[in-house]
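Dear colleague,

I am handing over the structure below and would be grateful if you could look through it. My notes on what was found follow directly after it.

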Amino acid sequence: MAAPRQVIEISIEGTDLIELEAIARSRTEWACRVQRARILLAYRANPSTYAVGEAIGVTHQTVQRCLDRAVRFGVMAALDDSPRPGKEPTITDGARAWVVSLACQKPKEVGYPHELWTTRLLARHVRENAETAGHPCLTRLAQGTVCKILDRHEVQPHKVRYYLERRDEAFEQKMAEVLCVYREVAVLRASEGAQPNVAIISYDEKPGIRAIASTAPDLRPQPGSHAGWARDHEYKCHGTLSLLAGIDLLTSKIHACVENRHRSREFIGFLKKLDAAYPTDTAIRLILDNHSAHISKETKTWLAAQPEGRFTFVFTPKHGSWLNLVEGFFSKMARSLLRRIRVKSKDELKARILAYLDDLNREPVIHTWTYKIDTVA
């Protein structure tokens, strides 16, 4: 007569159960932890080491060892390996610190032509210079050990993360001026009464819009064959255009012109278009960046010839173009119109851009500053 099956009692609480289920589904956890989590969950549903082993694809002895560890150390501790006997690590803390300090330097600072370290290059440099640096324990350092040392200290010398340095000493002051204009827009929008005698324009240029033509016809989607459009990878570029656009933040109307370039003469042409669009007694205030065309001698000469108070410029700080609301419009335009656009000529591209703007002006979209102005300023 066969002996009765011994059921190992394992208590899996609610929080442990949720964590085990997450680990069992994970694709980034170590494979051994995922396997042990699946074993514990399977045994909870069917307390049979043989059935669990067959379902997971391991032997019943492996299941038994996992269960024994869960009983002795706890459910979550059973997922990790036990400390194993072996040789004590010979790499000292000082040696590890030296490796990390090297990783925090650029290779060119120690005589290499490389811009960034690779773990292979760093390991080789450490082996060649460990004796001289007073760390003989590193003379046989392996690349994998370098990876472990760097991971432990959360150092990734092979990666570059970009940041933007504030180079404008008056950044906060200029930002406050722009945000005050946005606050004025909000007040004017909320007020009920006569139309304000001012136009506030958020202006910028979008240069380098390429007129790209296909060299072969696009293939339409075919059910069962290809779900999307098919396009030949080769193309021909007919040149580029520049979009000069400004959004009236009170009426949400977009004023724009499409030119081959965006020099001072094109910018003055845009200002003339604004001048013709508003009554002569309306003050036109532009929020714009410090592009050379905006502050050139030619532009200043033209502005000096205009009636006093007709045009006023509010400049965004250097590296502060994100403060200009028109940038959000350009981003939307790039996604909805310009993305993967194909045209036969620059004239067609210009016509399609202007048609897109006309369509937007039929139902203008209100552009507002959504952040808390007091907090940002």
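Glutamate 154 lies in the loop between H7 and H8, where helices (H or I, at least four residues) and strands (E, at least two) are DSSP runs numbered from the N terminus. Although glutamate 154 is not a glycine, it has a positive phi of about 55°, and because its relative accessibility is 72%, it counts as exposed (exposed means over 50% relative accessible area, buried under 20%, partly exposed in between, with a 1.4 Å probe and protein chains only). All of this rests on a predicted model, in which local features need pLDDT of at least 70 and side-chain atom pairs count only at pLDDT 80 or more, while totals for chains, interfaces and linings use all residues. Residues are numbered from 1 along each chain as its sequence is written, and side-chain values use heavy atoms, with hydrogens and water left out.

The loop between helix H7 (143-152) and helix H8 (171-190) also holds tyrosine 162, which counts as exposed because its relative accessibility is 75%. A positive phi occurs again at arginine 340, near 60° in a residue other than glycine; arginine 340 is placed in the loop between H11 and H12 and is exposed because its relative accessible area is 58%.

Turning to the sheet, its 5 strands form an open arrangement in the order E3-E2-E1-E4-E5, with mixed pairing (two strands pair if DSSP finds at least two bridges between them). The edge strands, each pairing on one side only, are E3 (254-259) and E5 (311-315). Strand E1 (residues 198-214) pairs with strand E4 (residues 283-288) in the parallel sense over 5 bridges, and the bridge partner of serine 202 in E4 is isoleucine 287. Helix H11 (residues 326-338) packs on the sheet and touches E1, strand E2 (235-248) and E3, its direction making about 30° with that of E1; contact here means heavy atoms within 4.5 Å, and axes are lines fitted to C-alpha atoms, for helices over the stretch in contact, with angles from 0 to 180 degrees between N-to-C directions. Helix H12 (residues 346-362) likewise packs on the sheet, touching E1, E2 and E3, and its direction makes about 30° with that of E2.

E2 and E3 pair in the antiparallel sense over 6 bridges, with leucine 244 opposite cysteine 257 in E3. These two strands form a hairpin with 5 residues between them, and serine 252 in the turn has a positive phi of about 70°. E3 is mostly covered, since 5 of its 6 residues are buried.

With best regards
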